[in-house]
Amino acid sequence: MASSFGSSYSGLKCRDGIFYAGSNTHDLKKWPAQSIPIGHQGRRKCRVGVSVVRSQGADVAELQASSSGPLLVPRQRYCEATHMTIRRKTRTVNIGGVTIGSEHPIRVQTMTTTDTCDVQATVEQVMRIADKGADLVRITVQGKREADACFDIKNTLVQKGYSIPLVADIHFAPSVALRVAECFDKIRINPGNFADRRAKFETLEYTEDDYQKELEHIENVFSPLVEKCKKYGRAMRIGTNHGSLSDRIMSYYGDSPRGMVESAFEFARICRKMDYHNFLFSMKASNPVVMVQAYRLLVAEMNVVGWDYPLHLGVTEAGEGEDGRMKSAIGIGALLQDGLGDTIRVSLTEEPEYEIDPCTRLAKLGMEASRLQRGVEPFEEKHRHYFDFQRRTGELPSQKEGEEVDYRGVLHRDGSVLMSVTLQQLKNPELLYKSLATKLIVGMPFKDLATVDTILLRELPPVEDKSARLAIKRLIDVSIGVLTPLSEQLTKPLPNAMVLVTLDEFSSGAHKLLPAGTRLAITLRGDEPYEELAILKNSDAIMLLLDLPRTDKKVSRVHASRRLFEYLQENQLNFPVIHHLQYPSGTERDDLVISAGSEAGALLVDGLGDGIFLEAPDHDFEFLRTTAFGMLQGCRMRNTKTEYVSCPSCGRTLFDLQEISAEIREKTSHLPGVSIAIMGCIVNGPGEMADADFGYVGGAPGKIDLYVGKTVVKRAIAMEQATDALIQLIKDHGRWVDPPKEEEVDQEPEMS
């Protein structure tokens, strides 16, 4: 038992039922072995307990169970600081002359999609990628033919003047890894399938001796590659994928971030035993929430054992377009805000050179945040959950006696979207209703699945503008909230409007000029002194809008927001909180997506926040609305459209992934609550579809296998019939609905 627990925290040792910390057990406190369960679902019989580690002359470090497993980590040690962005200190890893680590810029990379055996096509794609600014490029190497081709690829690139380091992507093939290590600069191995057989999702029972033998088998298979990398000066990435954990790891630790970390650590311990340190880690998942938890857990474990290896960040199978960029921004951006990450890849179902731009934008965001050390004054954080998702849900509005309208619908329990509406938009009510995604019946608006919950009218129409006011009334009648500033409501009163006041206005009592019972929303920055925030205790605000001006370059939105949420939870204030992000003119579309995902997404993945409000004068209404809803869905809050887990393609892909993905999306995008995995091959197939209801996976050239969850239900379907067969499978399981028919609306010039 001691060895297994020691593998989770190498500083702990067991003797006669007592656990000790550190190498000198005489200097450290000891605890009885009796309280916290070890193992997954009772498959390991021993139990241990640890609450506090106290070393001689050192601070007390509180340990807590994390991520549904036995791993114990210091409560606040997954990053350098929780109140500001400080880049995590790491060692330097050298990859063919490109250095990765905290003393160097955040490196950007991508992966080729060509057949590796097609040397010319692969070389041309690598050159395009390098010309776009990538620091590294990965190439899939699945067999001996591909490994042999790698020598020609490397030599041809050198002859053409390209020295960009090349990374071999290895699954299931230790012998191939040994071969390609002779010419490529770095080897990526997947600990889930390098030495273990392909997962069958079976529950396995192990004794301590059985498990130790499995570890010895891994060492026997893996150590020759470590020796080869040492000999040739190659780097390595130990890259765990949530979707391809082995049955052994899942049986022992669960299909969880905990299992992902332990899977990687098994290989890292072998590297360290052989005095090989030129490696880095990754913890990828298609679910940004799981991905963030896994990386935090990884760093927390490294902090416990004193490791300083760099991190490669990525959300795998993110998809395409804004959705793919948003998912990546949520996961990668959240970690960058905490100073974690040394190289990144944005996995998109697009041409690989298109990944470089969002990668570069994210890297710039992370570097700037750590350079400026954006943050707030230190504060104690007690309530945020780092390693598991627990949402702080604000108390939704309730109906008060005597109110003429129903305010219960102005916010949504799974996450709300607010939008700013102009007087110009009120001139064409039907077009406005359509842009808010209401369902139109004879020109009248009704709420639908993805309807905007509340609108902000910064300027109210004159009292005599009956048409505009009727358009607003029809929204209020179907429980769409209408917010307006205090000054507007005082000069041009709008019946049943909610009034937006600043914290200063509320403190001054200016809101008391309004009729009694008027519903208030309060806007604030999040970094106000606690004495100023105390006035919230006297408020019954319907919501808070968290709005830190973008002109403030030293204060971090993420850390100011965490501080506010800590204050609210400490004082049991359950206001719903909306993340209000305002962007200036000239903000590029991709910058907005990546910034919003990194800032608001970093909070939503921790369950902090009840909605999104995006404003940007240069961008159209529909883009802002869909981006906000996309963020909520990417953070696993509110599902308003079909969810796709779509791999970015590589040399293993058995069909035109971009073309097929577009075809499937065109026919299935109207199925909110349904998740479809579109996978080019089986390498990350069944496991990566853990989040998916249905799967479309390349099984052989021209043939598709269909899955329900992780189970294959139809094999070798001709590609020409596969999309229709997928739709029929969805119908057979009762998840299909026909696409809605929309009423036509008279168009006017596009609204801003």
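This is a short walk through a predicted model, stop by stop, with something to select at each one.

**Before you click**

Residues count from 1 along each chain as its sequence is written, and side-chain values use heavy atoms, with hydrogens and water left out. Because the model is predicted, local features need pLDDT of at least 70 and side-chain atom pairs count only at pLDDT 80 or more, while totals for chains, interfaces and linings use all residues.

**The whole chain**

Start with a cartoon of everything. You have 22 helices and 33 strands on screen; these are DSSP runs numbered from the N terminus, helices being H or I with at least four residues and strands E with at least two. Of the 752 residues, 61% count as buried (buried is under 20% relative accessible area, exposed over 50%, partly exposed in between, with a 1.4 Å probe and protein chains only). Of the contacts in the chain with a separation of 6 or more, 69% come from residues 24 or more positions apart (contact means heavy atoms within 4.5 Å).

**Stop 1: Phe172**

Select Phe172, in the loop between β13 (166-170) and α4 (174-180). Its phi is positive, about 65°, although Phe172 is not a glycine. Most residues other than glycine have a negative phi. Phe172 is partly exposed, at 31% relative accessible area.

**Stop 2: α5 against α7**

Now show helix α5 (residues 208-232) together with α7 (residues 257-273). How do they pack? The angle is about 55° and the axes are 10 Å apart (axes are lines fitted to C-alpha atoms, for helices over the stretch in contact, and angles run from 0 to 180 degrees between N-to-C directions). That makes α5 and α7 oblique to each other; the scheme calls angles under 35 degrees roughly parallel, over 145 roughly antiparallel, 65 to 115 roughly perpendicular and the rest oblique. α5 passes α7 in a right-handed crossing (right-handed if the near helix is turned clockwise from the far one by less than a right angle, left-handed if anticlockwise).

**Stop 3**

Buried or exposed? Arg258 counts as buried at 1% relative accessibility, and Glu262 is buried too, at 2%.

**Stop 4: salt bridges across the sequence**

By this rule the count comes to 49 salt bridges. Next, select Arg391 and Asp610, whose side chains meet at 3.3 Å, N to O. This pair links distant parts of the chain, 219 residues apart: Arg391 is in the loop between α10 (356-372) and β19 (416-420), and Asp610 in the loop between α18 and β28 (611-615). Arg391 is partly exposed at 24%, whereas Asp610 counts as buried at 5%.

Then jump to Asp552 and Arg525, another salt bridge, at 2.8 Å from N to O. Here the partners are 27 residues apart, with Asp552 in the loop between β26 (543-546) and α17, and Arg525 in the loop between β25 (520-524) and α16 (530-533). Both count as partly exposed, Asp552 at 24% and Arg525 at 26%.

**Stop 5: α17 beside α18**

α17 passes α18 in a right-handed crossing. Select Arg557, Val558, Ser561 and Arg562 of α17, and Ser598, Glu599, Ala602 and Leu603 of α18, to see the contact. It holds three nonpolar, two polar and three charged residues.

**Last stop: Ala716**

Finish in strand β33 (residues 711-718) with Ala716. What is its phi? Near 55°, a positive value in a residue other than glycine. Ala716 counts as partly exposed, at 45% relative accessibility.

Notes: Nonpolar A, V, L, I, M, F, W, Y, C, P; charged D, E, K, R; others polar. Salt bridge = Lys/Arg side-chain N within 4 Å of Asp/Glu carboxyl O.
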